[in-house]
Amino acid sequence: MEDIMSLIGKKLPEFNLDAYDPKTNEFVKISDKDLEGEWKVLMFYPADFTFVCPTELEDLQEKYGQLKEMGAEVYSVSVDTHFVHKAWHDESEAIGKIQYKMIGDSNKELTKALDILTEDGKADRATFVIDPDNVIQALEINAGGIGRKAENNIYKVKAGQYVRKHPDQVCPAKWNSENDDTLTPGLDLVGKI
């Protein structure tokens, strides 16, 4: 198994999975190759037809337009099948709002490869921010009862994009936009911050 912290800076594993696309109301295949060339947020969650998960996915939908404007695509992922994703989309008011693709990892291929498979066979509540080269730039894992706030993905994508454009700079805590101060690591800053 991969040490979860060693995933930062690593490429997204190869995969080819079925998904439900709510925009077209169709089943589609999605692979790691399809994700290349753009920023993306992969939001793994334990299961469809549960309690915390629909609140997270609905919150992510509310930020979806903003993430798209930033050049980032969003995908939700669970170990449910793409058929179950469609049924949930059809039955739940919250999930019915979703426009991003819902990936089914029913064989647990991607969930295992990212070391976020729980002992009871579900995905951890994990979010990955991945750059256009499919390199993992940020990840967050919460305990099952702690829902994630989609707003945090806005910051992570924005900061990741800034650092990619300006590799000699880093974004300090509370950094929000290109108008905010960044830091240029060097000897002159050691002990001065």
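Let's start with an open space in this predicted model: the largest pocket is lined by Trp39, Asp131, Gln137, Ala138, Tyr155, Lys156, Ala159, Gly160, Val163, Arg164, Val170 and Cys171. Helix H4 gives the largest share of that lining, six residues.

**The largest pocket**
- The volume of the largest pocket comes to about 170 Å³.
- Strand S7 (136–142) and H4 are the elements that give two or more residues to the lining.
- Sorted by class, the lining has seven nonpolar, two polar and three charged residues.
- If you wonder how such spaces are found, rolling a probe the size of a water molecule over the atoms shows where empty space is left.

**How H1 and H4 pack**
- The crossing of H1 past H4 is right-handed.
- On the H1 side, the residues in this contact are Leu60, Lys63, Gln66 and Leu67, and they meet Glu151, Asn153, Ile154 and Val157 in H4.
- By class, this H1–H4 contact has four nonpolar, two polar and two charged residues.

**A look at glutamate 178**
- Where would you find glutamate 178? Look in the segment after H4.
- Leaving aside residues up to four places away in sequence, glutamate 178 touches Tyr162 and Lys165.
- Glutamate 178 and lysine 158 are 20 residues apart along the chain, and their C-alpha atoms are separated by 8.8 Å.

Definitions and conventions: Residues numbered from 1 in each chain as written. Predicted model: local features only at pLDDT ≥ 70, side-chain atom pairs only at ≥ 80, totals over all residues. Heavy atoms only, no water. Left-handed = near helix turned anticlockwise from the far one by under 90°. Helix = DSSP H or I, 4+ residues; strand = E, 2+ residues; numbered from the N terminus. Contact = heavy atoms within 4.5 Å. Nonpolar A, V, L, I, M, F, W, Y, C, P; charged D, E, K, R; others polar. 1 Å grid on protein atoms, 1.4 Å probe; cavity = no way out; pocket = protein on both sides within 12 Å on 5 of 7 lines; lining within 4 Å. Points joined across faces, edges and corners; volume = space filled by probe spheres on them.
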